[in-house]
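Here is a short note to read beside the model. Keep the sequence and the 3D view open. Take the points in order.

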Amino acid sequence: MHTELPLAKLGWTLKTMAIGLFAATLTALPANAETVSGNPGGQIVTFALHVAKLRAADEPVHFDGACDSACTLYLSLPVKQLCVTPRASFGFHLPYGVGAHQNAVAANYLLSQYPDWVRQWIDEHGGLSHTLMRMEADEVAMHLPLCAEVQA
């Protein structure tokens, strides 16, 4: 379960995020393929901009360890850009650290970016909360392909 904010309260914050993402997509330079392992996350805007660059460059992302918090925005990339190893896992929680309104906007943004299977998994596990909940590789592998080096 997640709480939705009234659209009127989202106002300029979502517009600003959308403009930033659009600009990042238009000006994205080719990014290098990357492997995610032991990434604790960080600021959502930073990850959103990086994911937009990866999407525009059509660069692959390999998950080979923990990807927590804002790092989980990588899951919004097209499936063809993603793969997982048996060591991959994803940690989800409510955003925190700015203010109640901004945290609610950030939570709505995260949820809006995730594919349906991630939102469904979050809902089935009680929704986002302040406690980290972990999705392990076996669950992710039902939706994302195994990395080539694992399949060989």
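Which helix lies across β5 and β6, and at what angle does it run to β6? Point 5 has the reply.

1. **Ground rules.** This is a predicted model; local features need pLDDT of at least 70, side-chain atom pairs count only at pLDDT 80 or more, and totals for chains, interfaces and linings use all residues. Residues are numbered from 1 along each chain as its sequence is written, and side-chain values use heavy atoms, with hydrogens and water left out.

2. **Terms for the fold.** Helices (H or I, at least four residues) and strands (E, at least two) are DSSP runs, numbered from the N terminus. Two strands pair if DSSP finds at least two bridges between them. Axes are lines fitted to C-alpha atoms, for helices over the stretch in contact, and angles run from 0 to 180 degrees between N-to-C directions.

3. **The parallel sheet.** Strands of a sheet pair through backbone hydrogen bonds, either parallel or antiparallel. Here, three strands make an open sheet in the order β1-β2-β4, and the pairing is parallel. At the edges are β1 (34–36) and β4, each pairing on one side only. Neighbouring strands of this sheet are turned by 20° against each other on average, direction ignored. Look at strand β2 (residues 61–63): three bridges join β2 to β4. Phenylalanine 63 has valine 84 as its bridge partner in β4.

4. **The mixed sheet.** Another open sheet of three strands has the order β3-β5-β6, with mixed pairing. Its edge strands are β3 and β6 (133–136), and each pairs on one side only. The twist averages 20° from one strand to the next. Strand β5 (residues 89–92) and β6 run antiparallel, joined by four bridges. Phenylalanine 92 has methionine 133 as its bridge partner in β6.

5. **Two helices.** Now the opening question. Helix α4 (residues 116–124) lies across β5 and β6, running at about 130° to β6. Contact means heavy atoms within 4.5 Å. Helix α3 (residues 100–113) has 14 residues. From first C-alpha to last, α3 reaches 20 Å, close to the 20 Å expected at 1.5 Å a residue. The expected span is 1.5 Å times one less than the number of residues. The buried residues of α3 include Val105, Tyr109 and Leu111. Buried means under 20% relative accessible area, exposed over 50%, partly exposed in between (1.4 Å probe, protein chains only).

6. **Disulfides.** How many disulfides does the structure hold? There are two. A disulfide is a covalent bond between the sulfur atoms of two cysteines; the cut-off used is a pair of cysteine sulfur atoms within 2.5 Å. Cysteine 67 is joined to cysteine 71, S to S 2.1 Å. The torsion about their S-S bond is about -110°, so this disulfide is left-handed. Cysteine 67 and cysteine 71 are both buried. Cysteine 83 and cysteine 147 also form a disulfide, with sulfur atoms 2.1 Å apart. Their link is right-handed, with 95° about the S-S bond. Cysteine 83 lies in strand β4 (residues 82–84) and cysteine 147 in the loop between α5 (137–140) and α6 (148–151), so the pair ties together parts 64 residues apart in sequence. Both cysteine 83 and cysteine 147 are buried.

7. **Aromatic rings.** The structure holds five aromatic pairs. Rings of Phe, Tyr and Trp (its six-membered ring) pair if their centres lie within 6.5 Å; planes under 30 degrees apart count as stacked, over 60 as edge-to-face and the rest as tilted. Phenylalanine 47 and tyrosine 74 pair edge-to-face, 6.1 Å centre to centre, with 90° between the planes. Phenylalanine 47 lies in helix α2 and tyrosine 74 in the loop between β3 and β4, so this pair ties together parts 27 residues apart in sequence. Both phenylalanine 47 and tyrosine 74 are buried. The rings of phenylalanine 63 and tyrosine 74 have centres 6.1 Å apart and planes at 75°, so that pair is edge-to-face. Phe47, Phe63, Tyr74 and Phe90 form one aromatic cluster.

8. Aspartate 58 has a positive phi of about 55°, although it is not a glycine. Aspartate 58 sits in the loop between α2 (44–57) and β2. At 41% relative accessibility, aspartate 58 counts as partly exposed. Serine 69, not a glycine either, has a positive phi of about 60°. Serine 69 is in the loop between β3 (66–68) and β4, and is buried, with a relative accessible area of 18%.
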